[in-house]
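Have the sequence and the model open side by side.

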Amino acid sequence: KDAIEKFHQNLGKIHLVVSHCDMPLTYIFSNFISSEAAQNRIASVTIVSKCGNAVEDAPQSANFVSKVITLPNVGRCDHTYAHWISNIAYNDVEQYGDDDVVYFIKDNDHQFGRWRSFEDMLGVALINGFACAQIMEISYQNKYS
């Protein structure tokens with residue numbers, strides 16, 4: 001727990017990249033990033049809209065303004081994230097610090113299995129340099145019994 005508290009103290013800015021198709025984005029602040037402290041650390045939100053639908057309930061704050069980019073609907077969310085890395089972050093690299101965290105999320109909170117909270121993902125990223133929201137369920141049954 002001390003390591004996670006130290007990580008939060010040294011944490012840089014948080015950047016959100018949202019792959020959007022047709023869902024309102026209300027859940028981002030109401031369910032996923034619900035703590036005010038975490039919301040206040042967000043420095044940028046990039047919403048990549050791919051299905052021609054209006055973006056509803058984009059996160060807003062005094063710290064940032066959500067930026068909406070429109071792309072063709074190809075490659076699902078993976079295309080969105082690759083586009084952001086190769087075209088936005090790469091071309092504006094000085095905006096991002098070594099202690100910054102980037103969250104790549106979809107426009108919905110449809111979940112299969114169990115998912116980590118926003119804060120838990122920060123802790124996993126501290127240890128591994130990367131975190132996935134889904135908690136992998138591992139079966140330890142002996143396949144040969």
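Contact here means heavy atoms within 4.5 Å. This is a predicted model, so local features need pLDDT of at least 70, side-chain atom pairs count only at pLDDT 80 or more, and totals for chains, interfaces and linings use all residues. Residues are numbered from 1 along each chain as its sequence is written, and side-chain values use heavy atoms, with hydrogens and water left out.

Let's start at T80, which sits in helix α4, residues 76–89. (Helices, H or I of at least four residues, and strands, E of at least two, are DSSP runs numbered from the N terminus.) Setting aside neighbours within four places in sequence, T80 is in contact with V18, S19, V48 and K50. With K50, the side chain of T80 makes a polar contact of 3.4 Å, that is, a pair of N or O atoms within 3.5 Å; within protein, one must be able to donate a hydrogen and the other to accept it, and residues adjacent in sequence count only if both atoms are side-chain atoms. T80 counts as buried because its relative accessibility is 0%; buried means under 20% relative accessible area, exposed over 50%, and partly exposed in between (1.4 Å probe, protein chains only).

Now for the nonpolar cores: sets of buried Ala, Val, Leu, Ile, Met, Phe, Trp, Tyr and Cys residues joined through side-chain atoms within 4.5 Å. The largest has 24 residues, and L16, I28, F32, I33, I42, Y103 and F118 touch the most other members. A second, separate core of ten residues includes V17, V48, L71 and I88.

Finally, H110 lies in the loop between β4 and α5. H110 is exposed, because its relative accessible area is 52%.
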